[in-house]
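Biologist: I am new to this structure. Could you take me through it term by term?

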Amino acid sequence: MAKTTVRKEQTDADVKKKAVKLVITHLKKKIPEDYSGGAHIFEWIAEMDKLLEKEEFDMVEYLNMRKSLNDVIERTLDEEIRFKLRDSWYSFGKALDKKVKRN
């Protein structure tokens, strides 16, 4: 008997969430764990991880987290880290614009 595979059809929300996860993974690699001024950055990352664990995708929550990241950037004194965060902020926005490729 032939085995049929059932593929879950991806939604725009699935694509956006996956792209955001990738951005956050890269962001974590950019910030040194021993960065002394990073308490607010690491708090934001922890909040973002909690949001990514949720099954549903609420665009408003993700947009609020992006605004919150902007606040974190403004409070970051280290210029190099601030530029890295700004790049991630920009990538976060692009991730939220992603859509499923249609055939």
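Modeller: Axes here are lines fitted to C-alpha atoms, for helices over the stretch in contact, and angles run from 0 to 180 degrees between N-to-C directions. Helices (H or I, at least four residues) are DSSP runs numbered from the N terminus. The model is predicted: local features need pLDDT of at least 70, side-chain atom pairs count only at pLDDT 80 or more, and totals for chains, interfaces and linings use all residues. Residues are numbered from 1 along each chain as its sequence is written, and side-chain values use heavy atoms, with hydrogens and water left out.

Biologist: What makes α3 roughly antiparallel to α4?

Modeller: Their axes are 9 Å apart and the packing angle is about 165°. Angles over 145 degrees count as roughly antiparallel, so α3 and α4 are given that name. α3 also passes α4 in a left-handed crossing, meaning that the near helix is turned anticlockwise from the far one by less than a right angle.

Biologist: Which residues of α3 and α4 meet?

Modeller: Contact means heavy atoms within 4.5 Å. Among those in α3 are Y62, L69 and I73, and the α4 side includes L85, W89 and F92. By class, this contact has twelve nonpolar, three polar and four charged residues. Ala, Val, Leu, Ile, Met, Phe, Trp, Tyr, Cys and Pro count as nonpolar, Asp, Glu, Lys and Arg as charged, and the others, Gly among them, as polar.

Biologist: Why is α1 called roughly antiparallel to α2?

Modeller: The axes of α1 (residues 12-30) and α2 (residues 39-53) come within 11 Å and cross at roughly 155°. That angle makes α1 roughly antiparallel to α2. The crossing of α1 past α2 is left-handed. V20, I24 and L27 are among the α1 residues in the contact, and W44, M48 and L52 among those of α2.

Biologist: What makes a set of residues a nonpolar core?

Modeller: Such a set holds buried Ala, Val, Leu, Ile, Met, Phe, Trp, Tyr and Cys residues joined through side-chain atoms within 4.5 Å. The largest one has 23 residues, of which V20, I41, W44, M48, Y62, L85 and F92 touch the most other members. α1, α2, α3 (59-75) and α4 (79-96) each supply at least two residues, and the largest share, six residues, comes from α2.

Biologist: Why does T25 count as partly exposed?

Modeller: Buried means under 20% relative accessible area, exposed over 50%, and partly exposed in between (1.4 Å probe, protein chains only). T25 has 38% relative accessibility, so T25 counts as partly exposed. T25 lies in helix α1.

Note on methods. Angles under 35 degrees count as roughly parallel, over 145 as roughly antiparallel, 65 to 115 as roughly perpendicular and the rest as oblique.
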